Amino acid sequence: VLGTADPGVITPPSGYTLIRRDQIHPTNAGYGAQALYSHVWHTGDPASVIFSWVNGAAPDWSVSTWSGVDTASPVDTSGAQSQGTRSTSIVAPSVTLTSASDAVIMFGAAEYYFGNSIVSIPTGYTTRQSQFGDGVLPVLYFGTMDTVVSPTGTSTLVMTQPRYNVGVKIALSPTSGAPPP
């Protein structure tokens, strides 16, 4: 869930767990925030869900599905880095994994700006989804690291326009040592 202004308190649907929440600007919540949640799907789960928040932030959200992930403890580790100045680089910090079979995902979010787009993705990543600013929605990107090493090192996503931004890495824990696809 990504807001173009501070969304305030976010209330997720039942069964959704907050992984982390990071502001796009490290000291000014008015530029928006990115909140990442996990949910283990079960037969009978609703086809649509509702997140709610108290402020009038324009939301953007995305869903990705993963198999081969430990359902009891899906997230191994995570890290985030916000930019205190406008930059064309979204940098996700290095994270140290507890399993060489983790799936490492990078999320990048930036304040909205008409005409902004992503011009290069981090080396070694495969794009899973990206959305570009249209004057209302911010840049949103996530991709998976093709070859996982620990520590992962930093990863940089490059945009055409300098914006306040936050880069996040999340490592998903595998079931029985098998890497999640």
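Residues are numbered from 1 along each chain as its sequence is written, and side-chain values use heavy atoms, with hydrogens and water left out. Because the model is predicted, local features need pLDDT of at least 70 and side-chain atom pairs count only at pLDDT 80 or more, whereas totals for chains, interfaces and linings use all residues.

The mean pLDDT (the predictor's confidence in each residue, from 0 to 100) of the chain is 80, and 80% of its residues reach 70 or more. Confidence is highest in strand S7 (residues 75–82), at a mean of 94, and lowest in strand S1 (residues 2–3), at 58. The pLDDT falls below 50 over residues 133–138, a stretch that has 24 contacts in the model beyond near neighbours in sequence; a contact means heavy atoms within 4.5 Å.

The chain contains 14 strands and zero helices. Both are DSSP runs numbered from the N terminus, with at least two residues (E) for strands and at least four (H or I) for helices. Of the contacts between residues at least 6 apart in sequence, 73% join residues at least 24 apart. The accessible surface of the chain, from the Shrake-Rupley method with a 1.4 Å probe, comes to about 8600 Å², and carbon and sulfur atoms account for 54% of this area.

Of the 181 residues, 43% are buried, where buried means under 20% relative accessible area, exposed over 50% and partly exposed in between (1.4 Å probe, protein chains only). A nonpolar core is a set of buried Ala, Val, Leu, Ile, Met, Phe, Trp, Tyr and Cys residues joined through side-chain atoms within 4.5 Å. The largest such core has 13 residues, and those with the most contacts inside it are Ile90, Leu97, Val104, Met106, Tyr125 and Leu157. At least two residues of this core come from each of strands S8 (87–92), S9 (103–110) and S13 (155–163); S9 gives the largest share, three residues. A second, separate core of 12 residues includes Ile24, Leu36, Ala103 and Val166.

Three aromatic pairs are present. Rings of Phe, Tyr and Trp (its six-membered ring) pair if their centres lie within 6.5 Å; planes under 30 degrees apart count as stacked, over 60 as edge-to-face and the rest as tilted. The ring centres of Tyr16 and Phe51 are 5.5 Å apart and the planes stand at 80°, so this pair is edge-to-face. Tyr16 lies in the loop between strands S2 (10–11) and S3 (17–23), and Phe51 in the loop between strands S4 (33–38) and S5 (52–53), so the pair ties together parts that are 35 residues apart in sequence. Tyr16 is partly exposed, with a relative accessible area of 23%. Together, Tyr16, Tyr37 and Phe51 form one aromatic cluster.
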